[in-house]
Amino acid sequence: MELETRNTLYNQAKEWVMEAGSIIRDQIGAPLEINTKSNPNDLVTTMDKNTEYFFVSRIKRAFPDHLIISEEGYGDDLKNLKGTVWIIDPIDGTMNFVHQKRNFAISVGIYHDGIGEIGLVYNVMDDILYSAKRGEGAYKNDFNLPMLPADRKITESIIGMNHYWLCENRLVDEKVMEHFVRTIRGTRLYGSAALEFAYVAEGIIDGYISMSLAPWDIAAGCVIVNEVGGISTNAWGEDINFLGKNTIVACNPAIQRRIIDDYLQKGRK
Ligand code: 2AM
Ligand code: CA
């Protein structure tokens with residue numbers, strides 16, 4: 001993607017993200033219609049749907065040849081990543097949105113022919129935008145995030161991880177995971193994958209592991225993590241498939257091989 005095209009797209013995407021965030025903040029106290037999707041804990045609200053529609057309608061009007069992968073059904077059904085593809089989660093951390101009215105994000109990734117060009121993760125209630133353009137570094141608002149520390153040790157690492165490794169088909173042996181959490185310094189669980197990727201990029205956690213994430217949870221985060229020298233793969237160290245669900249390890253390269261080789265692969269069922 002040409003530099004000028006990327007800059008134009010970035011500015012437009014950022015403007016829409018900020019506008020959508022402002023609408024969510026204005027309505028945060030309003031009564032919500034909450035429904036469930038795949039299971040009783042898989043929540044969706046009118047705000048998720050309206051926010052997604054906000055993006056999709058604008059993208060389709062401004063960039064009719066662009067394609068969209070998004071959570072709530074207004075996007076396209078894609079078989080490949082050719083062309084310019086917006087990968088959008090209107091609210092990442094819907095459970096936090098419903099229960100806490102904070103700790104959720106708007107996540108917008110823009111990919112061109114499968115390559116992540118732009119990532120925007122907006123912590124709506126804190127008004128903090130994590131952003132990146134490929135090859136131009138990552139930012140927390142206007143602050144240029146430094147490269148991740150090359151000397152991070154696994155025993156001194158904080159890892160973001162949720163309990164899905166217990167639920168999602170138990171892909172990794174429990175004993176190995178127990179050994180893992182005893183080895184590292186501590187765990188954290190924020191409940192929004194997009195924010196957890198942003199926190200990896202910020203260096204306030206050293207890695208993030210999840211056993212099941214959708215493309216819209218991670219597309220923006222992968223671009224941002226990449227710009228500070230972080231690595232995002234599936235739990236087995238393979239490339240992420242942005243057309244389906246993935247296991248995820250996004251982390252500081254200093255600990256990436258150890259997490260995968262010594263724990264996830266070793267405990268793989
Ligand atoms: P969501 O809020 O957009 O649904 C919670 O730990 C994180 O995982 C959130 O980013 C959440 O996204 C996502 N998530 C929750 N359940 C999921 C599932 N069954 N598959 C994929 N991602 C899920
Ligand atoms: Ca969502």
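Which protein donors surround the calcium ion (ligand 2), and at what distances do they lie from it? In this predicted model, local features require pLDDT of at least 70 and side-chain atom pairs count only at pLDDT 80 or more, whereas totals for chains, interfaces and linings use all residues. Residues are numbered from 1 along each chain as its sequence is written, ligands are numbered from 1 in the order in which they are written, and side-chain values use heavy atoms, without hydrogens and water.

The donors of the calcium ion are Glu71 (OE), Asp89 (OD), Asp89 (OD) and Ile91 (O), at 2.1 to 2.9 Å; donors are N, O and S atoms within 2.8 Å of the metal, or 3.2 Å for Na, K and Ca. Along the chain they follow the spacing E-x17-D-x1-I. Because Glu71 belongs to the loop between strand S3 (67–70) and S4, and Ile91 to strand S4, the pair ties together parts that are 20 residues apart in sequence. Strands are DSSP runs of E, at least two residues long, numbered from the N terminus.

Ile91 also contributes a polar backbone atom 3.4 Å from an oxygen atom of ligand 1. A polar side-chain atom of Lys245 is 2.9 Å from a nitrogen atom of ligand 1, and a backbone N or O atom of Ser212 lies 3.3 Å from a nitrogen atom of this ligand. Polar contacts are pairs of N or O atoms within 3.5 Å. Of the 490 Å² that ligand 1 exposes when taken alone, the protein buries 84% (Shrake-Rupley method, 1.4 Å probe).

Ligand 1 is surrounded by 16 residues, the closest being Asp92, Gly93, Thr94, Ala193 and Lys245; a residue is counted if one of its heavy atoms lies within 4 Å. The largest share of this shell, three residues, comes from S4.

Technical notes: Polar contact = N/O pair within 3.5 Å; in protein donor to acceptor, adjacent residues only side chain to side chain. Helix = DSSP H or I, 4+ residues; strand = E, 2+ residues; numbered from the N terminus.
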